[in-house]
Amino acid sequence: MAQLNPPAKIYDVCIIGSGAGGGTAAKVLTEGGLSVVMLEAGPALNPETDFKEHIWPYELPHRGAGIGGRASADFGEFLAPNGFWEIEGEPYTVAPGSSFRWFRSRIEGGRTNHWGRIALRFGPTDFKARSTDGMGDDWPITYEELAPYYDKVESFVGVFGTKENVPNAPDGVFQPPPKPRCTETIVKKACDTLKITCIPSRLAIITQPLNGRPACHYCAQCGRGCITASNFSSSQVMIPPAQATGRFTLIPNAMAREIVLGKDGKAEAALYIDKTTGSENRVRARAFVVAASACESARILLNSRSSSFSDGLANSSGVIGRYLTDSVGSSLAGHFPQLEKMPAHNHDGVGGMHMYMPWWKFGEKNDFLRGYHIEFGGGRGMPGVGEFWGVCAEYEGYGVSLKQKCRSSYGTVIGFSGRGEMIPNENSFCEIDPNVVDKWGIPVLRFHWEWGENELKMAQHMQDTFRSIVETAGGTVLVGHRKTDETQIAEGRLHIDASQAKRSTISEGGTIIHELGTVRMGNNPKTSVLNKNCQAHDVKNVFVADAAPFVTNPDKNPTLTIMALSWKTSDYLLDQAKKGEI
Amino acid sequence: MSGNSISRRSILKALSMGAVAGSVLRVIPLEAAEYAHGLIAAEKADAKTGAYTPKFFPPQQYKTLQSLCGTIFPADADSGGAVEAGAPEFIDLLTSENPEYQLKLGGGLMWLDATCVDRYGKSYLDCSSQQQKELLDRIAYRKNAMSDASLSQGVEFFSFLRDLTADGFFTSKIGIEYLGYIGNTFLTDFPGCPPVPGV
């Protein structure tokens with residue numbers, strides 16, 4: 001039921017969403033002197049009780065498999081809460097003929113509690129796509145304009161890496177990287193032979209103390225959430241300084257439904273459902289920063305209908321929901337016999353790769369546009385559910401001989417994953433489903449998805465590259481190996497059917513969890529929603545601060561750029577507030 | 001132990017002491033272990049009350065399940081087997097929560113007994129070890145189902161059970177030690193790959 005008496009309090013800024021973008025905005029805006037209220041659709045986070053760091057699988061009755069063995073569909077029982085492919089009562093739909101999956105986190109900090117921590121800057125050319133090859137569009141800002149904000153973010157959150165001068169993969173402010181694991185030494189050697197650039201990775205994990213956070217203790221469990229906050233999460237790194245200002249209010253379990261337009265043409269309130277009571281509430285503010293994740297932000301704006309904006313708030317262009325992209329993904333695993341000879345040793349390291357391959361063919365004439373980077377991992381990690389299904393399927397039988405085979409195979413697999421750039425196309429977008437609402441009564445998103453020819457060619461190139469790396473390193477390719485690709489495990493598509501091999505080469509849309517572009521920025525209000533400050537062309541006190549504003553989706557994982565762009569947007573908002581413009 | 005006895009603060013303290021000591025490879029296993037144990041104290045509280053009571057499988061089927069788990073990954077000179085590792089309990093728990101598992105494993109065990117009665121005139125557990133081996137050798141390999149279609153359901157069942165038994169065994173303390181995994185601890189520095197010829 002609508003609450004008719006608006007509360008008296010009017011905040012300076014209401015931020016919707018507490019992830020990478022919302023957290024950054026909260027820190028910058030509160031430290032700049034503004035009062036901020038933040039709506040988060042899930043509960044508050046308590047790392048000491050919510051994280052399963054350092055727990056052995058045998059200390060949980062389900063051993064990491066989850067209730068009924070179903071946790072593998074959500075990356076396992078150990079994952080930091082709360083990330084799901086499907087949320088009960090909060091569905092989304094997919095148009096006939098399309099295939100798309102949407103990973104969401106409903107908790108303070110959002111997906112930053114368990115993300116891969118890969119922190120790569122976009123390069124100068126990534127902001128000039130159309131000028132470079134005629135496809136897609138240019139951003140309304142350049143790399144040079146964003147670079148100072150990359151510096152600020154890296155200095156504050158802590159990123160390890162090395163200065164390498166790789167074209168279009170800019171260096172940043174780096175802490176020292178960890179030493180390579182055996183698996184990485186082997187792959188690096190093969191890459192040197194193949195003239196594929198292989199350098200220390202760039203992850204938002206600190207190897208030296210920073211702002212009171214202790215350095216990484218090398219347990220390899222970043223995905224579980226870090227009790228010492230030695231990796232970056234919005235909940236542990238961005239929100240605490242906002243709280244310390246005394247100007248920050250977090251409202252958990254607040255499911256934003258829409259933003260209400262005032263008579264003056266400015267947004268005046270956010271309507272949300274209190275999930276603990278089911279009641280509808282409103283919070284008033286002078287400005288709104290929508291940072292609910294690219295698709296959720298599009299959903300909120302599309303659902304904010306008024307007589308001025310019948311197709312959604314700030315949507316006079318009609319492009320909200322359009323230009324949806326995800327990264328091109330493809331994976332392959334290899335078995336490396338030389339790893340069987342390795343003595344038992346601590347192989348954990350940080351929770352992610354210590355080395356990676358940035359796009360090494362930049363500027364060359366390739367048979368597809370844009371590029372991809374390669375992530376890889378494997379070796380003697382903590383044994384987990386599903387780890388030996390491949391060995392069991394290959395050797396079959398039972399008894400001591402199978403047991404010994406599992407032991408000799410342990411730690412000998414390295415998996416490779418490509419992450420490449422998708423060019424936006426008109427058949428990939430999200431919109432409001434006209435027939436379906438969620439349990440809170442809020443209309444849900446319907447997804448449409450299609451990979452283009454360029455993406456299919458790129459995925460094939462990834463496969464060819466992985467194969468040559470595996471073979472050059474003295475390994476053999478594992479076809480349909482169950483650990484090859486978490487996505488396939490999640491999907492139950494464990495064995496690749498020969499007739500489907502071509503389709504299976506490329507990931508399902510959404511499953512790389514780099515969905516973005518749905519509320520894009522640009523200089524032309526007819527073809528974009530936001531101006532170069534991520535401020536709505538149509539409604540001057542509405543800003544977007546997640547990956548929705550992105551104009552391109554280069555092969556670099558989006559989180560670092562979400563934070564840099566949010567920081568820049570927040571600086572602009574602070575400046576406007578000081579001038580009395582908002 | 002009352003709940004979460006080791007706080008984040010005490011871990012931070014332990015870590016900073018490690019840093020001051022300047023050891024290249026300072027491990028703080030006690031703090032780590034106590035922290036983990038604190039978190040799971042509640043979950044484990046009822047696990048110590050004696051013999052396990054199956055949640056899904058009737059007693060006779062559960063005995064068959066235990067026997068099969070022990071045959072798939074038996075104890076040997078190097079370690080205990082899947083039964084000591086708790087694989088049957090783990091499989092029973094998951095099955096009690098998942099109708100698909102109930103069909104595959106409950107139905108599979110009934111297929112196994114029915115096939116034994118057909119071939120040997122008695123249930124699997126009552127068969128001689130030679131008879132048990134003869135049947136398992138048939139259903140443990142996919143290629144046998146190609147030449148004898150009457151085995152295909154048995155092959156599917158055994159393959160599924162083998163995967164779950166591997167999960168139960170290799171996620172146990174016994175199984176993890178058998179593999180030689182070293183880690184899940186606190187290091188102040190990561191040593192990288194040890195020197196090994198050829199790597």
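## A tour of chain A

Chain A has 582 residues, and a compact globule of that length would have a radius of gyration near 25 Å; the value here is 23 Å, which agrees. Keep in mind that this is a predicted model. Show the C-alpha atoms of chain A: they fill a box of roughly 75 × 55 × 50 Å along the principal axes. Colour by secondary structure next. Chain A holds 13 helices and 18 strands. Buried residues account for 58% of the 582. Among contacts between residues at least 6 apart in sequence, 74% join residues at least 24 apart.

**Stop 1: strand 1**

Select residues 10-16 of chain A. This is strand 1, and six of its seven residues are buried, so the strand is largely enclosed by the rest of the structure. Strands 1 and 10 pair in the parallel sense over six bridges. Pick A:Ile15 to see one partner: A:Val289 in strand 10.

Strand 2 pairs with strand 1 over four bridges, in the parallel sense. Here A:Leu39 of strand 2 stands opposite A:Ile16. What do strand 1, helix 1 and strand 2 of chain A make together? Select residues 20-31, helix 1, to complete the picture: a right-handed β-α-β unit.

**Stop 2**

Zoom in on strand 11 (328-335) and strand 14 (413-420) of chain A. Eight bridges join this antiparallel pair.

**Stop 2: the side facing chain B**

The contact involves 60 residues of chain A and 56 residues of chain B. On the chain A side, select helix 2 (47-50), helix 5 (182-194), helix 8 (389-395) and helix 9 (400-409), the elements that give two or more residues. Helix 9 gives the largest share, four residues. Finish by colouring this side of chain A by residue type: 30 residues are nonpolar, 18 polar and 12 charged.

Definitions and conventions: Residues numbered from 1 in each chain as written. Chains lettered and ligands numbered in written order. Predicted model: local features only at pLDDT ≥ 70, side-chain atom pairs only at ≥ 80, totals over all residues. Pairing = 2+ DSSP bridges. Rg over C-alpha atoms; globule rule 2.2 N^0.38 Å. Buried ≥ 20, exposed ≤ 12 C-beta atoms within 10 Å, placed from the backbone. Contact = placed C-beta atoms within 7 Å. Nonpolar A, V, L, I, M, F, W, Y, C, P; charged D, E, K, R; others polar. Right-handed = clockwise from strand over helix to strand, strands pointing away.
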